Amino acid sequence: MTPETIFYSVAFPLLGVFLGLVYKGIDRRISARLTSRIGPPIRQPFWDVGKLLLKETIVPKNAIAWLFNAMPILAFASSLTLLLYIPFGVLKAPLEGYGDLVVILYLLTLQSLAMAIGGFASGSPFSSVGAQREMVLMMSYEMPLATVIVGFALIYRSFSLTTIASTPVWSIVSPLAAFGVLLLFVALLTVTPAELAKLPFDIAEAETEIAEGMLAEYSGRNLALFYLSDAVRGFAMAAIEVVLFFPFTLSSILGLSLTGFALYAVEALWFLLKVLIIYLLAVTLVRTSFGRFKIDQASRIFWVHVNLVALLGLALIWVGV
Amino acid sequence: MSFTLLSGSGFWNPLLWLALLVFFALIGYIIYSRGNPSYKPNTDQVMPFLSGNVEPSKEKVQVKAGDIYWGFVEALKGYYKVLTAIHTGDMRDYILWYLGVGSIILFLLVGGA
């Protein structure tokens with residue numbers, strides 16, 4: 001490992017926290033505008049974190065205190081490590097060559113798992129029901145998520161995200177396989193709100209029904225860390241989708257011959273714009289437009305409908321590659 | 001010495017990941033330690049939220065083992081409905097399932113060879 005790699009490995013995830021909160025702010029603002037409200041300022045998530053850090057951190061009497069307090073830190077740390085394996089525009093992933101797409105799949109699970117364990121450790125029936133729902137959701141959407149990854153492995157013969165990002169998938173597959181990739185994209189877009197616990201799949205938190213579920217007993221600094229990890233995961237999930245499906249660089253589209261700092265600056269802004277568009281499409285628009293599903297409906301959607309779409313996509317890729 | 005695990009097409013260095021996980025956990029702990037640690041331990045504040053209901057005494061709460069899985073069974077009731085229907089308790093049925101699924105797997109693995 002070079003000092004440069006170590007610097008990127010620390011700087012990128014910390015930048016991810018900032019970007020995650022900015023995207024969260026934009027999401028809230030646009031969601032409000034879509035429902036004819038003014039909405040909070042974009043910097044509101046930063047204030048929310050500050051406010052939560054000032055509030056009391058209550059540890060419930062029935063909770064397993066050490067587990068209850070440790071899980072927000074684990075969720076925060078695991079969501080930051082997720083960003084180590086994702087290329088940022090034209091820049092390689094900080095830990096390029098040290099982890100692949102399968103690692104990302106597991107790291108996405110780890111943060112949800114930390115939240116579920118925290119919920120179980122809360123000693124509250126609402127949290128327990130929320131944690132059970134989260135685990136059911138995880139079991140439901142893991143299969144289509146894994147199918148998407150297998151589909152890309154079939155095309156590239158590699159699980160490396162940098163290899164995938166280096167050549168846009170659409171330019172190397174036949175029309176039949178391209179349709180399969182499109183189906184995988186639809187499946188991944190459907191999985192995204194569930195992975196991020198957003199409407200219509202925020203069943204594990206369902207405020208009006210189980211009072212925030214897993215997070216019912218969390219407050220203050222513990223809740224702040226969960227809030228931060230949620231922001232990072234939202235950014236990371238959208239970034240993964242961009243890298244998989246839309247890695248096109250602005251230089252290649254417009255035929256620009258940029259070099260050095262100008263190249264990195266332009267491509268970084270282009271990457272952030274693509275991530276924002278995916279974020280708005282997969283999260284903001286969906287969560288503003290739909291009501292919440294019931295847990296058995298959500299399970300059926302992923303186990304049957306989304307799975308079928310993903311498997312059909314995989315079959316088309318298998319035939320078409 | 002490389003600690004990266006290789007599987008032919010996949011790769012992962014768990015030690016590096018673990019080292020950075022610990023580092024980010026430390027950053028998380030720093031954020032955590034900057035927060036307000038106070039609360040009122042021996043008041044109603046630490047009672048579990050039960051929509052305003054009083055928590056029954058521990059002796060009166062009886063949770064059956066099956067209740068622990070209620071959330072899973074309820075959420076996946078469509079799946080369990082099928083499973084319980086084929087869970088007959090008859091050993092001959094299980095042997096048939098075992099042979100049937102085993103032959104399908106064998107066919108998929110070596111059928112084309």
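**Figure 1. Confidence of the prediction along chain A.** The mean pLDDT of chain A is 88, and 100% of its residues score at least 70. Within chain A, helix α2 (residues 44-54) has the highest confidence, at 94. The lowest confidence in chain A falls in helix α8 (residues 207-210), with a mean of 76.

**Figure 2. Surroundings of Ser160(A).** Ser160(A) is located in the loop that connects α5 (125-156) and α6 (161-166) of chain A. Its relative accessibility is 4%, below the 20% limit, and Ser160(A) therefore counts as buried. A polar contact of 3.1 Å links the side chains of Ser160(A) and Thr163(A). Leaving aside residues up to four places away in sequence, Ser160(A) touches Glu96(A) and Asp100(A), together with Phe11(B) from the other chain.

**Figure 3. The largest nonpolar core and the contacts of Phe152(A).** This core comprises 99 residues, of which Ile86(A), Ile104(A), Phe152(A), Leu244(A) and Phe245(A) touch the most other members. Helix α9 (residues 220-245) of chain A is the greatest contributor to the core, with 16 residues. When residues up to four places away in sequence are not counted, Phe152(A) touches, among others, Ile164(A), Val169(A), Val181(A), Leu244(A) and Phe245(A). Arg157(A) and Ser158(A) are also among the residues that Phe152(A) touches. A second, separate core has 16 residues, including Ala114(A), Ala116(A), Ala121(A) and Ala131(A).

**Figure 4. Helix α9 of chain A.** The 26 residues of α9(A) extend 38 Å from the first C-alpha to the last, close to the expected 38 Å at 1.5 Å a residue. Because 25 of these 26 residues are buried, α9(A) is largely enclosed by the rest of the structure.

**Figure 5. The contact between chain A and chain B.** Chain A supplies 56 residues to the contact and chain B supplies 44 residues. About 4,200 Å² is buried between the two chains, with 70% of this area on carbon and sulfur atoms. On the chain A side, the residues losing the most area to chain B are Glu56(A), Gln132(A) and Arg221(A), which together account for 15% of what that side buries.

**Figure 6. Surroundings of Ile86(B).** Ile86(B) belongs to helix α4 (residues 77-86) of chain B. With a relative accessible area of 32%, Ile86(B) is partly exposed. Ile86(B) touches Tyr94(B) and Trp97(B), residues up to four places away in sequence not being counted. Ile86(B) and Trp97(B) are 11 residues apart along the chain, and their C-alpha atoms are separated by 9.5 Å.

Notes: Residues numbered from 1 in each chain as written. Chains lettered and ligands numbered in written order. Predicted model: local features only at pLDDT ≥ 70, side-chain atom pairs only at ≥ 80, totals over all residues. Heavy atoms only, no water. pLDDT = per-residue confidence, 0-100. Helix = DSSP H or I, 4+ residues; strand = E, 2+ residues; numbered from the N terminus. Buried < 20%, exposed > 50% of the residue type's maximum accessible area, 1.4 Å probe, protein only. Polar contact = N/O pair within 3.5 Å; in protein donor to acceptor, adjacent residues only side chain to side chain. Contact = heavy atoms within 4.5 Å. Core = buried A, V, L, I, M, F, W, Y, C linked by side-chain atoms within 4.5 Å. Expected span 1.5 Å × (residues − 1). Buried area = accessible area lost by both parts, 1.4 Å probe.
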